[in-house]
Amino acid sequence: MAADHLATYLNDHLAGAVAALEMLEELEKHYAGTPVERVATGLRVDVEADRRELEGLMRRLGVTQSGPRKATAWLAERAARLKLRLDDPDGGTFRLLESIEAVALGIDGKRALWASLATVAESVPALRGLDYARLTERAEEQRRLAETARLDAARAALGAPREAFGSG
């Protein structure tokens, strides 16, 4: 049973990486030539490296990648993209805020993945061999980068003058 749970857990995180990569590629295209593109590109490169680490672990453990989970993640990202377009049809700062926030939440989940696996690796030798401390540090650096971009987007998207919220 625990092996089934581990396989599900790893596949869920792999699916999350697929969705994050799709969202980051969309940000790169939409914000080509801007600082947002540079942030998205840097994050995408790191997320791809993390995905490869996860895929390598799955291969070593004999965990089969779940096609349906990957497809579901792809569809979920497309649904999120539609939602973002409905929220901000002009592709402005609000769409940027929500996109970066979604990526940031995914990074939080990935950091939690590495921490969980590091904890379990203490008693499950098959999970040893990855540098979980380095992977966690990389996730934390990704999160700091995403948070800076997220807060910049929040200022632009939500920074209405005080009187816009009413008096009192």
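This is a predicted model: local features need pLDDT of at least 70, side-chain atom pairs count only at pLDDT 80 or more; totals for chains, interfaces and linings use all residues.
Which residues does Leu24 touch, not counting residues up to four places away in sequence? The legends below begin with this residue.

View 1. Residues are numbered from 1 along each chain as its sequence is written, and side-chain values use heavy atoms, with hydrogens and water left out. Leu24 touches Ala40, Leu43, Arg44, Val47 and Val103, where contact means heavy atoms within 4.5 Å.

**View 2. The largest nonpolar core.** A nonpolar core is a set of buried Ala, Val, Leu, Ile, Met, Phe, Trp, Tyr and Cys residues joined through side-chain atoms within 4.5 Å; buried means under 20% relative accessible area with a 1.4 Å probe, protein chains only. The largest has 21 residues, and the members that touch the most others are Leu24, Leu27, Leu43, Val47, Leu96 and Val103. At least two residues of this core come from each of α1 (2-30), α2, α4 and α5; helices are DSSP runs of H or I, at least four residues, numbered from the N terminus. Apart from it lies another core of 16 residues, including Ala7, Leu14, Leu113 and Ala139.

**View 3. Helix α5 and its buried residues.** Helix α5 (residues 132-158) has 27 residues and reaches 37 Å from its first C-alpha to its last, close to the expected 39 Å, which is 1.5 Å times one less than the number of residues. Among its buried residues are Tyr132, Leu135, Arg138, Gln142 and Arg150. The cover over the buried residues of α5 includes α2 (35-61) and α4 (93-121).

**View 4. The largest cavity.** On a 1 Å grid over the protein atoms alone, a cavity is a set of points where a 1.4 Å probe fits but cannot get out, and lining residues have an atom within 4 Å of a point. The largest cavity holds about 120 Å³ of space. Its lining includes Met23, His30, Glu77, Arg81 and Ser99. α1, α3 (67-87) and α4 each give two or more residues to this lining, which divides into four nonpolar, two polar and five charged residues.

**View 5. The second largest cavity.** About 50 Å³ of space lies in this cavity. Leu24, Leu27, Val36, Val39, Ala40, Leu43, Ile100 and Val103 line the second largest cavity. α2 gives the most to this lining, with four residues. By class, the lining has eight nonpolar, no polar and no charged residues.

Definitions and conventions: Buried means under 20% relative accessible area, exposed over 50%, partly exposed in between (1.4 Å probe, protein chains only). On a 1 Å grid over the protein atoms alone, a cavity is a set of points where a 1.4 Å probe fits but cannot get out, and a pocket is an open set with protein on both sides within 12 Å along at least five of seven lines; lining residues have an atom within 4 Å of a point. Grid points are joined across faces, edges and corners, and a volume is the space filled by probe spheres set on the points. Ala, Val, Leu, Ile, Met, Phe, Trp, Tyr, Cys and Pro count as nonpolar, Asp, Glu, Lys and Arg as charged, and the others, Gly among them, as polar.
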